[in-house]
Amino acid sequence: MASDLKESVDVKARISALAREIIKLAHDGILINMRFLDVALSKLVLEERADMGDFAFDGATLYYDPALLLTGYREEPNYMVRLYLHVLLHCIFYHSFQTDKLEREYWDLASDIAVENTILEMNLHLSVLSSDSALQSRLDILKKQAGGLTAEKIYRHFRIEPPSNKAVREWNKLCHHDTHIYWDKKEELELSQEEWRKVSERIKADLKSFSKDKNNAQSMEENLREATKERYDYTDFLKRFMVMGETVQINDDEFDYIYYTYGLSHYGNMPLVEPLEYKDANKIRDFVIAIDTSASCRGEVVQAFLNRTYQIMQDKENFFKKINVHIIQCDKEVQSDTKITCREDFDLFMKNGKLRGFGSTDFRPVFQYIEKLRREGEFDNLKGLLYFTDGYGIYPEQMPDYDTAFVFLNDDGESLRVPPWAIKIVLNEEQCIGSEPAV
């Protein structure tokens with residue numbers, strides 16, 4: 001019995017030692033061939049967890065089952081290099097940090113596909129697997145369908161055209177190498193997110209120096225650009241359009257409880273001061289939403305943007321009970337103006353409103369129309385204009401005396417320029433519909 005136990009311990013020790021040796025060889029092979037990943041390699045910690053039956057990453061550590069690793073190595077000699085790169089790219093592209101409010105099945109699959117595509121593009125002989133030919137064929141088709149192979153574009157494609165159960169199984173067979181069970185543990189991930197952001201920014205810079213073949217770095221650069229670009233919380237952004245006003249509520253900040261209680265105790269329950277009923281608050285009252293209804297702005301996209309705005313407007317912390325919001329539809333001329341003064345107006349507009357126009361785009365008529373409304377006394381204090389558009393139009397030359405933001409959807413607006421006086425915001429579809437990753 002004792003000898004059997006000793007033999008079992010010796011076998012486990014041997015398996016553990018072999019696994020560590022395979023990991024070291026994989027680490028060194030990546031470091032020699034891809035110098036730009038040196039910092040990323042140093043940040044990723046590997047920890048053995050025997051009998052786990054899987055590989056898992058928690059934002060800082062890759063947990064591995066040594067027996068499973070040896071099995072994979074026996075079947076595919078490059079297996080550990082592939083696993084190493086797979087997890088590293090999840091880190092570098094922030095995939096584990098963007099899971100809030102997403103449909104996890106689609107996001108997990110999309111992020112796995114994105115990193116596997118990047119690995120194939122690297123064309124590193126140490127990472128080649130026998131299934132790569134089949135994977136490349138599927139990736140070529142998906143790229144045409146999704147318009148690109150970043151995790152974000154693949155995810156949006158899956159949201160619009162959900163893959164069949166059979167397709168999901170086939171994708172997982174080709175791309176799944178690690179479980180994402182720890183990606184929801186935000187308290188563990190938050191500390192490592194900023195560290196990986198620094199690593200990603202450095203890799204972006206190093207790619208220019210270390211990449212001999214520009215084509216082999218294209219996918220890496222696209223994913224890094226997506227991961228590191230500045231993101232906006234649409235709710236926070238709307239706070240730029242807040243104005244000062246009075247709301248009927250007790251102002252605890254200016255209420256002195258000492259005098260209040262003193263009066264109650266000495267003058268027959270008569271307080272010396274009453275709580276102030278009015279309090280200044282930053283809330284949205286006067287602003288304009290302009291919708292570009294040219295042919296290039298799809299109706300469902302506009303609807304998603306308005307729905308998202310409507311959700312935020314329903315928050316009593318953001319808006320006064322009485323508001324003055326104009327929703328202007330315009331292509332080359334103003335097609336309609338709907339005035340919103342309360343939630344009931346917005347409900348009615350969302351239920352019965354129709355998009356009008358769909359001609360070419362000229363932004364100037366909206367600005368001219370707003371000036372006409374101001375001369376007529378329509379606004380007490382117009383704070384800003386949100387112009388939802390594809391960006392292909394004629395901008396005004398003169399800067400208005402209120403904040404103006406041109407809002408674009410997805411990557412379409414990344415390369416477009418707006419006037420120096422305007423604010424440029426690029427949202428994704430998840431932000432429009434209220435399912436936004438922390439961006």
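Among contacts in the protein chain between residues at least 6 apart in sequence, what percentage join residues at least 24 apart? The share is 70%, where a contact means heavy atoms within 4.5 Å.

## Basis of the model

This is a predicted model, in which local features need pLDDT of at least 70 and side-chain atom pairs count only at pLDDT 80 or more, while totals for chains, interfaces and linings use all residues. Residues are numbered from 1 along each chain as its sequence is written, and side-chain values use heavy atoms, with hydrogens and water left out.

## The chain as a whole

The protein chain contains 16 helices and 10 strands, which are DSSP runs numbered from the N terminus (helices are H or I with at least four residues, strands are E with at least two). Of its 439 residues, 49% are buried, where buried means under 20% relative accessible area, exposed means over 50%, and partly exposed lies in between (1.4 Å probe, protein chains only).

Strand 1 runs parallel to strand 3 (residues 61-64), with 4 bridges joining the two, and Glu48 has Tyr64 in strand 3 as its bridge partner. In general, strands of a sheet pair through backbone hydrogen bonds, either parallel or antiparallel.

## The two sides of helix 14

Helix 14 (residues 343-352) has Phe346, Phe349 and Met350 as its buried residues. These residues lie on the same side of helix 14 because they cover an arc of only 95° around the axis, the arc being that of the directions from the helix axis to the C-beta atoms. The face turned away from this buried side carries the exposed residues Glu344, Leu348 and Lys351.

## Nonpolar cores

A nonpolar core is a set of buried Ala, Val, Leu, Ile, Met, Phe, Trp, Tyr and Cys residues joined through side-chain atoms within 4.5 Å. The largest one has 65 residues, and those touching the most other members are Leu44, Tyr84, Ile92, Ile113, Trp171, Trp196 and Ile203. Helix 4 (residues 79-92) supplies the largest share of this core, 11 residues. Apart from it lies another core of 22 residues, including Phe367 and Leu382.

Leaving aside neighbours within four places in sequence, Trp196 is in contact with residues including Leu44, Leu88, Cys91 and Ile92. Cys91 counts as buried, because its relative accessibility is 0%.

How values were computed: Two strands pair if DSSP finds at least two bridges between them.
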